[in-house]
Amino acid sequence: MKFLDSAPRFLFFTGKGGVGKTSLACATAIRLAEAGRRVLLVSTDPASNVGQVFGVSIGNKITPISDVPRLFALEIDPEAAAQAYRDRIVGPVRGKLPETVVKGIEEQLSGACTTEIAAFDEFTALLTDSEIASAYDHVVFDTAPTGHTIRLLQLPVAWSGFLEAGKGDASCLGPLAGLEKQRAQYNAAVQALADGRRSRLILVARAQNSALREAARTHGELAAIGLTQQFLIINGLLPDAEAALDPLAKAIYRREQAALAAMPDELRALSRDDVPLKPFNLVGLAALRQLLVETAPQPDAAVGEPVELRAPSLSDLIDDIAAEGHGLVMLMGKGGVGKTALAAAVAVELARRGLPVHLTTSDPAAHLTETLRGSMAHLTVSRIDPHGETERYRQEVLRTKGAHLDAQGRALLEEDLRSPCTEEIAVFQAFSRVIREAGEKFVVMDTAPTGHTLLLLDATGAYHREVARMLDAKGAHYTTPMMQLQDPKRTKVLLVTLAETTPVLEAANLQADLRRAGIEPWAWVINNSVAAARPRAPLLRKRAQNELAEVEKVATVHARRYAAVPLLEEEPVGVERLLKLADHDP
């Protein structure tokens, strides 16, 4: 494996959820330790299953892995780190400031930015601690900090004074309020990350267009701030021998090879390793030792009949949605789970039934036109341009809040407005204009705002609180977008996931976030299910068997109702294929 050649002290694995970062980090740590090196494996992944992988309890303490001499592991719990971080910032002002102000500060500190920064706060010590440096030859990190987090940590001067003066906006500056004392340590950590002699970043992706685009974006973001020592791993490639064994395997192989052929040029320039798809669960030393082996044992071709997955179909959910006659349908989930295709499938099936539908997206890749490939009666399509909406929002905030700031304050406000939350707020405002149509037709939304953004909008009075204050005083009847989202008769939120550990956990976290905002998800959709496709090729059949535990978890623990959508032989492009996703034969 090229990424292991002359491995430096620090190895960082990064990539979107479900691509196999944890397994690759564990396998790398084992290989280095068994080569005679002392290795510390560190996970900052909220879905971390490092302890489960090794069959030991790890947690937030350095723990020896008894079955692998010279290997030690540490799991940093990002949520616990974030809570400790919040307590450190909010504790001194609790009881001294009005409760409404304290709650506002807590809400600013409730999102993903705080979790990222708190986790980075925990492991910067590992990058700069002289005792760690002397005790270990390598430190392997499962889940690296994002470029956005690092760029925030590179910002100059006093965020605290800026926030205390009430000049900040609802974004990611709030989480930075407690960082001043660690400034020197953070600078040293960022320098270590950018030093190719000490650090190596490994981008992990699948052979899928969306995953490769995300890897290219991450590559550019990190390279722009000096992290140029990057390698690429394409994980989970279907072996060509499997392609001849059934139509689904052949289609997957062809699709993966096409995605690799169309790989962005910036990724093509990186040193790359391919890791083949394995038939077994990557738990236990025996499995992990085989992960980085070029050829792995194939499953027994005589394994029984295709896996039988008994689960509701997407069509079953659409039956209940259609019964309302109109309403808002929002598809939410992490990147790469197939929200755009499923949103289009729901929309075209509703339109096929003669119901008026407006399908809208804020997907910056703008796949809807390509996905639909044509027009359809009763269906209109629109796209919200996130960049345009964000720029309009930024200019409005600078014109109002920034009008009387000095140069330093305006510079901080401009940086604040470059946070991911800013785009979500701007896009939500654009979505709000479309939401009004749901009173007379179906509005299907792809790429919806997160629960954290909705909470910020509600807490800061961006729209809902201001309208409520004015109209409550008049005794008027009103409905704000937030109230509509919270009304299950008007809005149905569908959480999209894959039948894999990390995507299911991420969807569960999103569900908890939405519930805090008073929004109850209506259903879960398990997309691209191998088990639902009933493959006959032995490797895929084994993978299908492995999905069943995650499907059971969704069905019995997380979802009030759910559906499973099979992995199709063909990409769901065009109305006919989209109708197949909805379990309807055109």
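**Figure 1. Lining of the second largest cavity in the predicted model**. Phe 12, Leu 193, Ala 194, Gly 196, Ser 199, Arg 200, Leu 201, Leu 227, Thr 228 and Gln 229 line this cavity. A cavity is a set of points, on a 1 Å grid over the protein atoms alone, where a 1.4 Å probe fits but cannot get out, and lining residues have an atom within 4 Å of a point. The volume of the second largest cavity is about 50 Å³, a volume being the space filled by probe spheres set on the points, which are joined across faces, edges and corners. Helix 9 (183–194) and strand 6 (199–205) each contribute at least two lining residues, and strand 6 gives the most, with three. Helices (H or I, at least four residues) and strands (E, at least two) are DSSP runs, numbered from the N terminus. The lining comprises five nonpolar, four polar and one charged residues; Ala, Val, Leu, Ile, Met, Phe, Trp, Tyr, Cys and Pro count as nonpolar, Asp, Glu, Lys and Arg as charged, and the others, Gly among them, as polar. The structure holds three cavities of 30 Å³ or more.

Residues are numbered from 1 along each chain as its sequence is written, and side-chain values use heavy atoms, with hydrogens and water left out. The model is predicted: local features need pLDDT of at least 70, side-chain atom pairs count only at pLDDT 80 or more, and totals for chains, interfaces and linings use all residues.

**Figure 2. Helix 11 and its buried side**. The end C-alpha atoms of helix 11 (residues 247–261) are 21 Å apart, which agrees with the 21 Å that its 15 residues should span at 1.5 Å a residue; the expected span is 1.5 Å times one less than the number of residues. Leu 248, Ala 249, Ala 251, Ile 252, Glu 256, Ala 259 and Leu 260 are buried in this helix. Because they cover an arc of only 170 degrees around the axis, these residues lie on the same side of helix 11; the arc is that of the directions from the helix axis to the C-beta atoms. Buried means under 20% relative accessible area, exposed over 50%, and partly exposed in between (1.4 Å probe, protein chains only). Exposed Pro 247 and Ala 261 are carried on the face turned away from the buried side. The buried residues of helix 11 pack against several elements, including helix 10 (209–223), strand 7 (230–237), strand 8 (271–276) and helix 25 (538–558), where contact means heavy atoms within 4.5 Å.

**Figure 3. Leu 539 in helix 25**. Leu 539 counts as buried, with 0% relative accessibility.

Figure 4. Ser 315 is buried, at 14% relative accessibility. Apart from residues up to four places away in sequence, Ser 315 touches Arg 353, Ala 582 and Asp 583.

**Figure 5. Positive phi at Ser 6 and His 378**. Most residues other than glycine have a negative phi. Ser 6, in the segment before strand 1 (10–14), has a phi near 50 degrees and is exposed, at 70% relative accessibility. His 378, in the loop between helix 16 (368–372) and strand 11 (379–383), has a phi of about 75 degrees and is partly exposed, with a relative accessible area of 47%.

Key. 1 Å grid on protein atoms, 1.4 Å probe; cavity = no way out; pocket = protein on both sides within 12 Å on 5 of 7 lines; lining within 4 Å.
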